[in-house]
Amino acid sequence: MNKNLRDLGGIVIVAIAIWASFTYFSTTTDKKDLVSLEQEADIADYFNRQIFNEFDSVDAELTDPTMNVILNRLSKGMDTVSYEYDIYVLKSDQVNAFTAFNGQLFVFTGLIEQTESAEELAAVLAHELAHAENRHVIKNLVKEIGLNSLILIISGGDPLVMQEITKMVVSSGFNRSMEREADEYAIKYLREANINPNRLTQFFLKLKQKNREIPDGLQWISSHPALTERIQFVSENAGDSLNEDSINLDWNEFKKSLK
């Protein structure tokens, strides 16, 4: 074998090694792991300031006892609990709830008003917890603005950029696969917590019947694509009927206290 052939062979081997390494890391490194929990906590600090500048919140002393009862119940159905979760109630007629950063969940009074029981709100929150546990918000941001931009935001916290990110998190939905994954996890959480997963279907159907054309205010529904498909998926995958263990809360009194 002459020198040229040996050199060519070496180049081919190096190229294959680079290609294999790139393929391995691009398929085994999940984007959610590219931002550490510590970095996510930093983003949460900036984000929460934006949210509380934009919306009034209900006094946590009023809402925490109720939200903690629901959260503790749902946590019994979760294999892992990655955050110390907080649930904030924001004053707004919007029918909306969303997952933010570092285990911070937000729910609007407008959505709570639409629920008929604590179990219905638990179903909504189970879906949001699934987004949090799977770090869908981080994945979405990395996809939308890129990892480098996100790292710059973490280090700088530019107010204007954070305003845009806040809008994105509050009003934008997740993609179809993320929504499906969150629904799958929500069904599991609810069943394991002895809450009927069809509470989620029930909530969807009720809103759909009340609002045949979804108005702008129903963000939680309108921002989640293919509602009919989701209703079908949850109802088909809810599993066998179970004797639901009711959540011990006076739901009507809680709703009155928010007005």
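Start by selecting L74. Setting aside neighbours within four places in sequence, L74 is in contact with A122, L125, A126, L129, L190, A193 and I195. Keep in mind that this is a predicted model.

Next, bring up the largest nonpolar core. It holds 45 residues. Highlight I70, L74, I112 and L121: these touch the most other members. Now colour helix α5, residues 118-133. This helix gives the core its largest share, 10 residues. In soluble globular proteins, nonpolar side chains tend to be buried together.

Move on to helix α2, residues 37-54. The helix has 18 residues. From first C-alpha to last, α2 reaches 25 Å, close to the 26 Å expected at 1.5 Å a residue. Which residues of α2 are buried? Select E40, I43, A44, F47, N48, Q50 and I51. Turn the view to look down the axis of α2: the buried residues fall within an arc of 165 degrees, so they line one face of the helix. Then pick E38 and N53 on the other side of α2, where both are exposed.

Finish on E40, back in α2. Is E40 buried or exposed? Its relative accessible area is 3%, under the 20% cut-off, so E40 counts as buried. Show what surrounds E40. Beyond neighbours within four places in sequence, E40 is in contact with V35, Y83, F101, N102, R135 and I138.

Key: Residues are numbered from 1 along each chain as its sequence is written. This is a predicted model: local features need pLDDT of at least 70, side-chain atom pairs count only at pLDDT 80 or more; totals for chains, interfaces and linings use all residues. Side-chain values use heavy atoms; hydrogens and water are left out. Helices (H or I, at least four residues) and strands (E, at least two) are DSSP runs, numbered from the N terminus. Buried means under 20% relative accessible area, exposed over 50%, partly exposed in between (1.4 Å probe, protein chains only). Contact means heavy atoms within 4.5 Å. The expected span of a helix is 1.5 Å times one less than its number of residues. The arc is that of the directions from the helix axis to the C-beta atoms. A nonpolar core is a set of buried Ala, Val, Leu, Ile, Met, Phe, Trp, Tyr and Cys residues joined through side-chain atoms within 4.5 Å.
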